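Student: Could you walk me through this model, starting with how the strands are connected?

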Amino acid sequence: MDPEPLDRLRHVEESMGTVFSFDIRGVTDQARVRAGLQAAVAWLHRADEIFSTYRPDSQIMRLGRGELELSGCVTEVSEVLELCAGAERESDGWFTAGYAGGLDPTGLVKGWAVERAVRMITSSGAGSVCLNGGGDIQLTGGPWRVGIADPLRPGELVTVVAVQDGGLGVATSGPAERGCHIVDPHTGVAPAEALASVTVVCPAGLTSADVRATAAYAMGGRARDWLEALPGTEGFAVTAGGGSWTTSGFHRYTSAARV
């Protein structure tokens, strides 16, 4: 195997029940960027400790059970709950952290945590960063190309998203990898007019892309018009029957991929 170029670092880490893949380019100070990478990895584990719904002693679980007041939580909990409330308002309830009377902000946490981890690395001097957290991706710098998996044909790509230079969050929701884990919050069952997958891209970052992809998948047939109306947001969906649709500006990201 060829040695890693001196201006590039790669790392794989398991956390939050998934795999995080780091690809860091434009490294001019190896020691400084490695320290930034270590801080980013530690942050992902800390976010899991705070927000995991599988750890009975996590702050979010204790808060949900009434054993802990919000004032007793770390500040990140208030930040996440405020972001969730904003996403719920924006989506008219199609995204919610309070489904069925419980408290589960994990639909936002991963994207938010990934976005913060990337900022830690870029602040250490990295020129370009790609952090893939279970298929949801935050990009900075570039150029980058991201293949979107075909949910109906395992092992194949349905399209490629690209950014030449700048930040971009790319999030995909659907049942292909984990089964139908997103329900219509208004009915508690699988979405009507269910999509095979929906991918959302947002220059604002992965926090926005992640919650909008979740809400769009829950909406089903309503998703295209909703995404079209959102500023700084484009979407691509594969329908259950194998068709596809895009919002009007999504072609900007696919045309860049062909350059």
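Tutor: Strand 4 (residues 136-140) and strand 7 (residues 168-173) run antiparallel and are joined by three bridges; strands, like helices, are DSSP runs numbered from the N terminus, with at least two residues (E) for a strand and at least four (H or I) for a helix. The model is a predicted one, in which local features need pLDDT of at least 70 and side-chain atom pairs pLDDT 80 or more, while totals for chains, interfaces and linings use all residues. Residues are numbered from 1 along each chain as its sequence is written, and side-chain values use heavy atoms, without hydrogens or water.

Student: What is the bridge partner of leucine 139 in strand 7?

Tutor: Leucine 139 has leucine 168 as its bridge partner there.

Student: And in what order do the eight strands of the open sheet come?

Tutor: The order is 1-2-3-4-7-8-9-10, with antiparallel pairing, where two strands pair if DSSP finds at least two bridges between them. Strand 1 (8-15) and strand 10 (244-246) are at the edges with a single partner strand each, so one side of each has no neighbour in the sheet. On average, neighbouring strands are turned by 10° against each other, direction ignored.

Student: Which strands does helix 4 touch where it packs on the sheet?

Tutor: Helix 4 touches strand 2 (18-25), strand 3 (128-133) and strand 4, and its direction makes about 155° with that of strand 3; contact means heavy atoms within 4.5 Å, and angles run from 0 to 180 degrees between N-to-C directions, with axes fitted to C-alpha atoms, for helices over the stretch in contact.

Student: Switching to helix pairs, how do helix 1 and helix 4 lie to each other?

Tutor: Their axes come within 8 Å and cross at roughly 160°, so helix 1 and helix 4 are roughly antiparallel (under 35 degrees counts as roughly parallel, over 145 as roughly antiparallel, 65 to 115 as roughly perpendicular, the rest as oblique). On the helix 1 side the contact includes Val33, Leu37, Trp43 and Phe51, and on the helix 4 side Val109, Trp112, Ala117 and Met120 are among the residues met. The residues of this contact divide into 15 nonpolar, two polar and one charged; Ala, Val, Leu, Ile, Met, Phe, Trp, Tyr, Cys and Pro count as nonpolar, Asp, Glu, Lys and Arg as charged, and the others, Gly among them, as polar.

Student: What about helix 4 and helix 5, then?

Tutor: Helix 4 (residues 106-122) and helix 5 (residues 206-219) pack at about 160° with axes 7 Å apart, and are therefore roughly antiparallel as well. Among the residues that meet are Lys110, Trp112 and Glu115 in helix 4 and Leu206, Asp210 and Val211 in helix 5. That contact divides into five nonpolar, four polar and three charged residues.

Student: At what angle do helix 1 and helix 3 cross?

Tutor: Helix 1 and helix 3 (residues 75-90) cross at roughly 75°, their axes coming within 11 Å, and they are therefore roughly perpendicular to each other. Trp43, Arg46, Ile50 and Phe51 of helix 1 make this contact with Glu76, Val77 and Val80 of helix 3.

Student: One last thing, where is the cis peptide bond?

Tutor: It joins glycine 142 and proline 143, with omega at about 5°, and proline 143 is placed in the loop between strand 4 and strand 5 (144-149). In the loop between strand 1 and strand 2 you will find methionine 16, which has a positive phi of about 55° although it is not a glycine.
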